Amino acid sequence: MILNDVLTKQNVITKLVLSNGSKELSKELKVKIMRIRMAYNKIKKNFDSEIQEFAEEIMTDEFKELNSKTDRNEVEEARYAELTNKINSEYQEMLIQKGNEEISEKIDDSLTMADYSDIVDVNSNNDVEINGNKIPAADYLEIIYDLFVKEE
C-alpha cells in the first residue's frame, strides 16, 4: 500500500462514529476501528512532520526576508513571485513522490460484512465532510465498504 492510500483511508475512517444516540458499535468493533485509526494517525503524523521539515528547508533566507516585507518594490515583488513559484513546485513534487512511497507497516484494516452491517446501523444518518466535500451518509457508507470490507 502506498502513502496516498493510507492517507485516503485515514481521512475516511476518522469520520466514522462509534455511537449515535442509543445505537453504538460493539466494544470489539470500537477497539478494532480505534486500532486502525491509531495506526493510520501514526503514519499521517510522521508524514506531516516530514512535509513540515521539507517546507522549512526549501524556504531560503531571501524568500523569508521578502516574505516578511510589507512594502516590496516592483523588483522585489517579481523576485518574491519567482521564489514562491519555485518553492510551490518543489513542495508539490515532494508531495507526489512521498505520496507514491510504499508503506512498510502492515495494518490489518479489513472489516467483515458483520462489522459493516453494524457500522451501517450506527452511521446511516452520518453525513460527513472530507477535504471540504460534503458526503451524504449513503455515499460515505459505500466508500467505507469499498475501502475496508473484505468479502468473507
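Student: Where is Asn131 found?

Tutor: Asn131 sits in the loop between S3 and strand S4 (133-135), where helices (H or I, at least four residues) and strands (E, at least two) are DSSP runs numbered from the N terminus. This is a predicted model, in which local features need pLDDT of at least 70 and side-chain atom pairs count only at pLDDT 80 or more, while totals for chains, interfaces and linings use all residues. Residues are numbered from 1 along each chain as its sequence is written, and side-chain values use heavy atoms, with hydrogens and water left out.

Student: What is the phi of Asn131, and is the residue buried or exposed?

Tutor: Asn131 has a positive phi of about 50° although it is not a glycine. With 61% relative accessibility Asn131 counts as exposed, given that buried means under 20% relative accessible area, exposed over 50% and partly exposed in between, with a 1.4 Å probe and protein chains only.

Student: Now the helices. How do the axes of H1 and H2 cross?

Tutor: Two packed helices are described by the angle between their axes and the distance between the axes. For helix H1 (residues 3-13) and helix H2 (residues 27-58), the axes come within 9 Å and cross at roughly 130°, which makes H1 oblique to H2. The axes are lines fitted to C-alpha atoms, for helices over the stretch in contact, and angles run from 0 to 180 degrees between N-to-C directions. Angles under 35 degrees count as roughly parallel, over 145 as roughly antiparallel, 65 to 115 as roughly perpendicular and the rest as oblique.

Student: Which hand does that crossing have, and which residues make the contact?

Tutor: H1 passes H2 in a left-handed crossing, a term for the near helix being turned anticlockwise from the far one by less than a right angle, with right-handed used if clockwise. On the H1 side the contact is made by Leu3, Val6, Leu7, Lys9, Gln10 and Ile13, and on the H2 side by Ile33, Ile36, Arg37, Tyr40, Asn41, Ile43, Lys44 and Phe47, where contact means heavy atoms within 4.5 Å. Sorted by class, the contact of H1 with H2 has nine nonpolar, two polar and three charged residues; here Ala, Val, Leu, Ile, Met, Phe, Trp, Tyr, Cys and Pro count as nonpolar, Asp, Glu, Lys and Arg as charged, and the others, Gly among them, as polar.

Student: Is Phe148 buried or exposed?

Tutor: Phe148 counts as buried, at 0% relative accessibility. Leaving aside its neighbours within four places in sequence, Phe148 is in contact with Lys9, Val12, Ile13, Tyr40, Asp109, Ser110 and Leu111.

Student: Which residues touch the most other members of the largest nonpolar core?

Tutor: Of the 30 residues in that core, Ile33, Ile119, Tyr140 and Ile144 touch the most other members, a nonpolar core being a set of buried Ala, Val, Leu, Ile, Met, Phe, Trp, Tyr and Cys residues joined through side-chain atoms within 4.5 Å. The elements that give two or more residues to this core are H1, H2, helix H5 (113-123), strand S3 (128-130) and H6, and the largest share, seven residues, comes from H2. Apart from this core lies another, of six residues, among them Phe63, Leu66, Tyr80 and Ile87.

Student: Last one: at what angle do H3 and H4 pack?

Tutor: Helix H3 (residues 61-68) and helix H4 (residues 74-99) pack at an angle of about 125°, with their axes 10 Å apart, which makes H3 oblique to H4. Their crossing is left-handed, and Glu62, Phe63, Leu66 and Asn67 in H3 meet Glu76, Arg79, Tyr80, Leu83, Thr84 and Ile87 in H4.
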